[in-house]
Amino acid sequence: QPSPFRVEPKCAYHRQCGGCQLQNLSYPEQLHLKQATAIRLLGRFGHVEEILGMDDPYHYRNKVQAAFGVNRQGQIISGVYQSASHRIVPVSDCMIEDTVADRIIVTIRKLLKSFKIRPYDEDTGRGTLRHVLVRRGWRSGEILVVLVTAHGMLPGKRNFVRALLQRHPDITTIVQNINAGQTSLVLGPHSEVLYGPGYIHEQLGDFTFRISPRAFYQINPVQTEVLYRTALEYAGLTGTETVVDAYCGTGTIGIFASRNAARVIGVENNRDAVRDAISNAKANRADNVRFYTADASDFLQGMAKAGEHADVVILDPPRAGVDEPVIGVILRAAPERIVYVSCNPATQARDLALLDADYRVEAVQPVDMFPHTHHVENVVKLVRR
């Protein structure tokens, strides 16, 4: 029997795509389900607060990626890979993606034929365009378009850029990224700026951040502010602390914390992200923040050898969680508080178990960063026992 919480999905592609696993569940019930997930995985460590959801859980993704290919009729298509496959589901209007970004991708798809630009075929090695990535600033309105090609050649690219700008004059910058490898990664290591500065700016709280094509930046701007305010509250800063942001990305959380800390040190192994982080600190006049390109474990060990102490450590790792060597170094460094932001409660629970002997969980706050999907973000406050 259909559940009383079942709803008819708004999305026309829900039967083929599989990206939004929960869209046939009412949004309040999605939140209940995610709350239950957080309690099941993290409840043994401490009380789990009520999940913070969205007022409008649609079109929240400010970063949109589309794969390009050719269907059996020889027509150029663009869209998303079907869940657990490499088959492209043609998509023109996604219910969780930014609507302006979707329109730009549709325009690019229509322009390809007239410019004799073919999608890249992984089997034959022929063709040019692999993906298009669009980032749009929710507050700034600035738009970054990245054309991901299999090689450096892009036929008639000056005229192509001109035609795209004529149809979408609000585009701020266009970049060609070259990804020649047989890889599941969307972006390659080399980029060429075709128009504009090669990056965009976005406002978050009282701060402005620079976002380049390869740098990590949260995809839900509304909930990011909720997430970071929670993380800052849990850090409990009084203005005297040294804060280490161990997976700092473009420096967003560290810069958020800078006004309430004596100094902030950000560590990240992505050079592009660190470059953006340094620029972001200068733009926001965060003079008490320093960013370093390094492995978090090596850097924290270096701090300990130099006799430097961190009062607060902020962790915002990828889905795989915190590397075990990093946890070992943190335990030896013994900061007073740890703020652990995670997009994967399963690996977060694993890491909390490793920290449990020395640290007590004082608060767990789930945040719904990805409505209509099974993902749930959690912020955890830990205090040294």
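This is a predicted model: local features need pLDDT of at least 70, side-chain atom pairs count only at pLDDT 80 or more; totals for chains, interfaces and linings use all residues.
**Stop 1: the ring pairs**

Start with the aromatic side chains. The structure holds five aromatic pairs. Select Phe115 and Phe160 for one of them: the ring centres are 5.4 Å apart and the planes stand at 85°, so this pair is edge-to-face. Phe115 sits in the loop between helix 2 (99–114) and strand 4 (129–136), while Phe160 belongs to helix 3 (residues 157–167), so the pair ties together parts that are 45 residues apart in sequence. Is Phe160 buried or exposed? Phe160 is buried, with a relative accessible area of 2%.

Next select Phe207 and Phe256. Their ring centres lie 5.3 Å apart with the planes at 45°, so this pair is tilted. Phe207 is in strand 9 (residues 207–211) and Phe256 in helix 5 (residues 252–258), so parts 49 residues apart in sequence are tied together by the pair. Phe207 has a relative accessible area of 5% and is buried. Phe256 counts as buried too, at 10% relative accessibility.

**Stop 2: Ile108 in helix 2**

Go back to helix 2 and select Ile108, which is found there. With a relative accessibility of 0%, Ile108 counts as buried. Which residues does Ile108 contact, leaving aside its neighbours within four places in sequence? They are Phe68, Leu129, Val132, Val145, Leu147, Phe160 and Leu164. Phe160 in this list is the residue whose ring pairs with that of Phe115.

**Stop 3: the largest cavity**

The structure holds five cavities of 30 Å³ or more. The largest cavity has a volume of about 80 Å³. To find the largest cavity, select its lining: Val64, Gln65, Ala66, Ser78, Gly79, Val80, Val91, Ser92, Glu97, Asp102, Ile105 and Val106. By class, the lining of the largest cavity has six nonpolar, four polar and two charged residues.

**Stop 4: the second largest cavity**

Move on to Leu300, Met303, Ala304, Glu308, His309, Ala310, Val313 and Ala333, which line the second largest cavity. The space in this cavity is about 50 Å³. Which helix gives the most to its lining? Helix 7 (residues 296–305) does, with three residues. The lining of the second largest cavity divides into six nonpolar residues, one polar and one charged.

**Stop 5: the second largest pocket**

Now select Gly198, Ser212, Pro213, Asp272 and Arg275. Of the 14 residues that line the second largest pocket, these five lie nearest its centre. The volume of this pocket is about 210 Å³. Strand 7 (190–195) and helix 6 (271–283) each supply at least two residues of its lining. What classes make up the lining of the second largest pocket? There are five nonpolar, three polar and six charged residues.

**Stop 6: Thr224 in helix 4**

Select Thr224, whose place is in helix 4 (residues 221–235). Thr224 counts as buried, at 1% relative accessibility. Show the backbone of Asn220 as well: the side chain of Thr224 reaches the backbone oxygen of Asn220 at 2.6 Å. Neighbours within four places in sequence left aside, Thr224 is in contact with Leu204, Gln218 and Met369.

**Stop 7: helix 9**

End at helix 9 (residues 345–355). Which of its residues are buried? Select Pro345, Thr347, Gln348, Ala349, Asp351, Leu352 and Leu355 to see them. Then show what lies over these buried residues: the cover includes helix 1 (27–42), helix 8 (324–333), strand 14 (337–342), strand 15 (359–367) and strand 16 (377–384).

Definitions and conventions. Residues are numbered from 1 along each chain as its sequence is written. Side-chain values use heavy atoms; hydrogens and water are left out. On a 1 Å grid over the protein atoms alone, a cavity is a set of points where a 1.4 Å probe fits but cannot get out, and a pocket is an open set with protein on both sides within 12 Å along at least five of seven lines; lining residues have an atom within 4 Å of a point. Grid points are joined across faces, edges and corners, and a volume is the space filled by probe spheres set on the points. Helices (H or I, at least four residues) and strands (E, at least two) are DSSP runs, numbered from the N terminus. Ala, Val, Leu, Ile, Met, Phe, Trp, Tyr, Cys and Pro count as nonpolar, Asp, Glu, Lys and Arg as charged, and the others, Gly among them, as polar. Buried means under 20% relative accessible area, exposed over 50%, partly exposed in between (1.4 Å probe, protein chains only). A polar contact is a pair of N or O atoms within 3.5 Å; within protein, one must be able to donate a hydrogen and the other to accept it, and residues adjacent in sequence count only if both atoms are side-chain atoms. Contact means heavy atoms within 4.5 Å. Rings of Phe, Tyr and Trp (its six-membered ring) pair if their centres lie within 6.5 Å; planes under 30 degrees apart count as stacked, over 60 as edge-to-face and the rest as tilted.
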